[in-house]
Amino acid sequence: MPPPKDVVKIAIQMVGAIPQLIELQQTKPLAAVLKDVCDAWSLPNAEHYALQYADGRQTYITESVRDTPRPLPAPPVRRSPGSPVPLSLQNRREIKNGSILRLTTSPDQEAERLYSGIQSKNVDVKTDSLKKLASLSQDVTFAQEFISRNGLKQIYSIVEEGNDTGEMLAHTLKAFTELMEHDFVSWENLSTVFIKKIVSYVNMNAVDASIQQLSLSILENMVPTSRLLFELVKKEVTLDRLLTHLQVTDAQLQLKAMALLIALLLTATDAERRDMMDYLREKNIRQFIHKNIIHSSEPLGDEMAHYLYVLQSVSLNLCEHRMRTSMDPYSQEQRELLQSLRQTAFESESEAPASNFSTERRRSLCAKEFRKLGFMNNSNPAEDLRRAPPGLLALDNMVYFSRNTPNAYSRFVLENSSREDKHECPFARSSIQLTLILCEILHVGEPCSETAQAFYPMFFGQDHFFEELFCICIQLVNKTWKEMRATQEDFNKVMQVVREQITRTLALKPTSLELFKTRVNALNYSEILKLRQTERLHQEETLAVPVLELRERLKPELLELIRQQRLLHLCEGTLFRKISSRRRQDKLWYCRLSPNHKVLHYGDVEEGVESPPIESLTEKIPVADMKMLLVGKECPHTKEKSSGKQNKDVLELAFSIVYDVEEYCLNFVAPTRYEFCLWTDGLNVLLGKEMTSERTQTDLDTLLSMELKLRLLDLENISIPDTPPPIPKPPSNLNFCYDFSHAEQ
């Protein structure tokens, strides 16, 4: 007979004692459980002890109250030792069968001891206390006990008044970082003296790298919380100093410097962000990143890949203002830019200076030249640029093309001016539409994702990336136009082909614009037709009625194959990142399914660990206890992000497992959409439900296509009728046979 749901069998250890094996009744008060455990070892004062996990993060076990909502952490108040633990810290119900706990000093006793220890005059005692504090501060129960004793004030004093830059300071900064991680105290409460001291460690040359890493991390956390803190950090830590840190060989210091730079860019106003990016451009940050980070000997980590994606996104979003601004026909500057396009293309064609012509003749000549440039409204070309997006960004691109590649510009315009009217490629109209296409492909104007890591290496190899990409693609438009022998009526078809050429080439992740240019020009119209024809034929052959019937027969077998693959992926496991409402965190945890598909194992891991053994993952959830799967907005960790608008990307990657009778949740944010699909499918299989992700349909279509091709190999080049051939009528009689005896004679 299985044990009651409220009873779990656990082991309790203590240094120098024989472990106890007990049946823990979850309904029994934790104080009474501790009293029984202490009595078994003849220990007085049971209130001075607590239980904590023996493995993993070694968190303290705290009392649990059934069916009580979890409030958000509030600023702590001074509590007397032994007073009830806030509901937000309760974790007792998470204890599972087979858990190993350890009897140790209670959090309030430990907090009191360390609070005294960090004030000791003995340097060794003080250093050891700070080291222990840095370790224990990861536990939320201990952290609140320590903070309630005004422990952070002592941390501030050590930093503000001390001149040490060695081990003691490193432990102090680590403890401070862990304590602030719990969000019990606002970053805005920090004093200016403390902040400037942290800044000084960043600006020092002769200081340990670990201290600089911790200082950069503290400043990164601080920047998004307040405008005043942002301005203070921006003033004290110059961009030149951050660039210096980016040029070191220490990968972790490089990463922390990049994290602070990104935090400053994301918190800045549009004008500040533009100034900062202009300064970084002057300092050739792109070329440095391209050479020393992207193409360094060390592999690029996920965190750095994310920061490079954000830097790319922030840079491209500087185009958003021009993209969303329509042309003002009364703006002298904009009109001059527009006129420069005409003058660059046709200034040598005029037989006499324009001043010799009458006003009417000059207006007629300008209209004719604007028509040759490809403007729809040649009498008032500004009207073509009133549509936003792409707005003035299209004008900027055309002017850049005409000024930086004047030969290519003149060749494009004059070549099309000499063609028959119906076959000329309209430069201006094409430029406007191409700018819009590039904005859509590169997601200009869209907010940065909190998890994405997809950046284009060639972006960091070229200044004026967007404009240079436009110069390549506008020439591609002209090339494709000629290959298609297009007329004005085919304009939209040509632009669809160009979009496909650009998208397919970008998917190959070329490392430079030159390589992009080579590949996109190689993907000519005939190649696009071949690709489309192959896809169309594949679609047509799978739509025949007999083939559709065969598909339906094959589906169950192939769906079972996909289920097995999903479970196998869960058994291999995945590395997840913890993401808070304040910032992207660099803490990692790993989750994997046991080989017998009965238990989910998970636990925290360090950076660089790719596939930890299942024994090192101390937390467990029996599959039998899983109740349901939540995705997107239904997940509790997306609802908790209350302030500000939700990030669409996080919502698309979030999922949660609801488990146990208490309906606890294990919350995930998948690193990619691919991992999201595989995990949600695998969890649905474990729950006995249908796989619902889009990846399931993609994989099923791929497997069906392969299986159908194998089955239909013998029918190649034979048309399959929609209906089976008719069965002939039976003969009038069945009195016929072949007489073998005559054949033998």
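Student: Among contacts in the chain between residues at least 6 apart in sequence, what percentage join residues at least 24 apart? After that, take me through how helix 20 meets helix 21.

Tutor: Bear in mind that this is a predicted model. Start with the whole chain. Take the contacts between residues at least 6 apart in sequence: 70% of them join residues at least 24 apart. The chain has 745 residues, and 48% of these count as buried. Its secondary structure comprises 30 helices and 11 strands.

Now the helix pair. Helix 20 covers residues 427-441, and helix 21 covers residues 465-484. Their axes come within 10 Å. They cross at roughly 125 degrees, which makes helix 20 oblique to helix 21. The crossing is right-handed.

Which residues make the contact? From helix 20 come Phe427, Ser430, Ser431, Leu434, Thr435, Leu438 and Cys439. Helix 21 supplies Phe466, Leu469, Phe470, Cys473, Ile474 and Val477. Sorted by class, the contact has 10 nonpolar residues and three polar ones. Charged residues are absent from it.

Next, pick out one residue of this contact. Leucine 438 sits in helix 20. Is leucine 438 buried or exposed? Its relative accessible area is 1%, so leucine 438 is buried, the cut-off being under 20%. Leucine 438 and isoleucine 502 are 64 residues apart in sequence. In space, their C-alpha atoms are 8.7 Å apart.

For a second example, turn to another helix. Histidine 290 belongs to helix 13, residues 285-294. Its relative accessibility is 18%, so histidine 290 also counts as buried. Leave out residues up to four places away in sequence, and histidine 290 touches His295, Pro457, Phe460, Gly461 and Thr511. What does the side chain of histidine 290 find at threonine 511? A polar atom of that side chain lies 3.4 Å from the backbone oxygen of threonine 511.

To recap, helix 20 and helix 21 meet in a right-handed crossing, with 10 nonpolar residues in the contact.

Technical notes:
Residues are numbered from 1 along each chain as its sequence is written. This is a predicted model: local features need pLDDT of at least 70, side-chain atom pairs count only at pLDDT 80 or more; totals for chains, interfaces and linings use all residues. Side-chain values use heavy atoms; hydrogens and water are left out. Axes are lines fitted to C-alpha atoms, for helices over the stretch in contact, and angles run from 0 to 180 degrees between N-to-C directions. Helices (H or I, at least four residues) and strands (E, at least two) are DSSP runs, numbered from the N terminus. Angles under 35 degrees count as roughly parallel, over 145 as roughly antiparallel, 65 to 115 as roughly perpendicular and the rest as oblique. A crossing is left-handed if the near helix is turned anticlockwise from the far one by less than a right angle, and right-handed if clockwise. Contact means heavy atoms within 4.5 Å. Ala, Val, Leu, Ile, Met, Phe, Trp, Tyr, Cys and Pro count as nonpolar, Asp, Glu, Lys and Arg as charged, and the others, Gly among them, as polar. Buried means under 20% relative accessible area, exposed over 50%, partly exposed in between (1.4 Å probe, protein chains only). A polar contact is a pair of N or O atoms within 3.5 Å; within protein, one must be able to donate a hydrogen and the other to accept it, and residues adjacent in sequence count only if both atoms are side-chain atoms.
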